[in-house]
Amino acid sequence: MKRRQFGRFGVQRNWTIPYAVFLLVFVVTPLILIAIYAFTDAEGQFSLANFQKFIHHSETVNTFVYSVGIALITTLVCLVVGYPVAWILSRNIFSSTSVIVMLFILPMWINTLIRTLATVALFDFLQLPLGEGALIFGLVYNFLPFMIYPIYNVLNKTDHSLTEAAQDLGACPMKVFTRVTLPLSMPGVTSGILMVFMPTVSTFAIAELLTLNNIKLLGTTVQENINNGMWNYGAAISLVMLLLIGVSSLFTDDKSGEEGGLI
């Protein structure tokens, strides 16, 4: 009996081998290479010159701060727009709520580049200028579903008897929302914020298309350095960006990601 159980355990453990190989090749190895390039110079010697250049290069620092600002604005707009939508959908007011949710998710099936080109065509048709406003609009359009669905997922799973109990105890609608609904939805809010903020910081194609390459984000700076053969400096900027994303991910935990994720 013990031998049979050990055999089953061994077979199940073998199932993880393809995933471990995938993570090693496509996740761990690239991260190690980024770190190696970031802490070495063109001759392959250990050096902190790349990070010193980043700190003293005012244009790159300004681009970094501007990228974080654009990411924060995009995240805030997505939260302000997405939370009410998610709350309304979770109330099951409409008979076809699942269809409406699918309509919000449907644009995600289309490539981001195609959606961005369609946004450029829309602005051209409406004769609106491309620039910072178009950039924020395009980012919100591309990443809004990543805010709506996690919040909707959490609110939809919330026990509505808690809301009814608060109402029976005499709580007004505002108190019900601030004391019951909002705290219970925080895992979805946290997950949505991270899922919007992290890719927005590192994007570059959307900024190039919607601003005619007049506004540069940090992702564009990394791309330019890599294309010009400055791998070490580009890797250092990428590592700074990865550290920023890693720090932002510390504001959540496994439970919030599990309850508010897209899957």
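What follows is a conversation about how residues and helices in this predicted model get their labels.

Colleague: What should I know about the model before we start?

Modeller: This is a predicted model, where local features need pLDDT of at least 70, side-chain atom pairs count only at pLDDT 80 or more, and totals for chains, interfaces and linings use all residues. Residues are numbered from 1 along each chain as its sequence is written, and side-chain values use heavy atoms, with hydrogens and water left out.

Colleague: How many helices and strands does the protein have?

Modeller: There are 13 helices and zero strands. Helices (H or I, at least four residues) and strands (E, at least two) are DSSP runs, numbered from the N terminus.

Colleague: Why is Thr-200 called buried?

Modeller: Buried means under 20% relative accessible area, exposed over 50%, partly exposed in between (1.4 Å probe, protein chains only). Thr-200 has 1% relative accessibility, so it counts as buried. Its place is in helix α9, residues 173–202.

Colleague: What does Thr-200 touch?

Modeller: Leaving out residues up to four places away in sequence, Thr-200 touches Ile-70, Ala-71, Thr-74, Leu-139 and Phe-143. Contact means heavy atoms within 4.5 Å.

Colleague: Which residues of helix α3 are buried?

Modeller: Asn-50, Phe-51 and Phe-54 are buried in α3, which spans residues 49–56.

Colleague: What makes you say that the buried residues of α3 line one face?

Modeller: Seen down the axis of α3, they fall within an arc of 95°, so they line one face of the helix. The arc is that of the directions from the helix axis to the C-beta atoms. As background, an α-helix has 3.6 residues a turn, so residues three or four places apart point the same way.

Colleague: What lies on the other side of α3, and what do its buried residues pack against?

Modeller: Ile-55 and His-56 are exposed on the other side. The buried residues pack against α2 (17–38), α4 (58–90) and α12 (231–249).

Colleague: Why is Gln-127 called exposed?

Modeller: Gln-127 reaches 72% relative accessibility, so it counts as exposed. It sits in the loop between α6 (112–125) and α7 (132–157). Its phi is positive, about 60°, although Gln-127 is not a glycine.

Colleague: Is Leu-212 buried or exposed, and why?

Modeller: Leu-212 counts as exposed because its relative accessibility is 56%. This residue lies in the loop between α10 (205–210) and α11 (218–227). Leu-212 also has a positive phi, near 55°, and is a residue other than glycine.

Colleague: What share of the protein counts as buried?

Modeller: Of its 263 residues, 36% count as buried.
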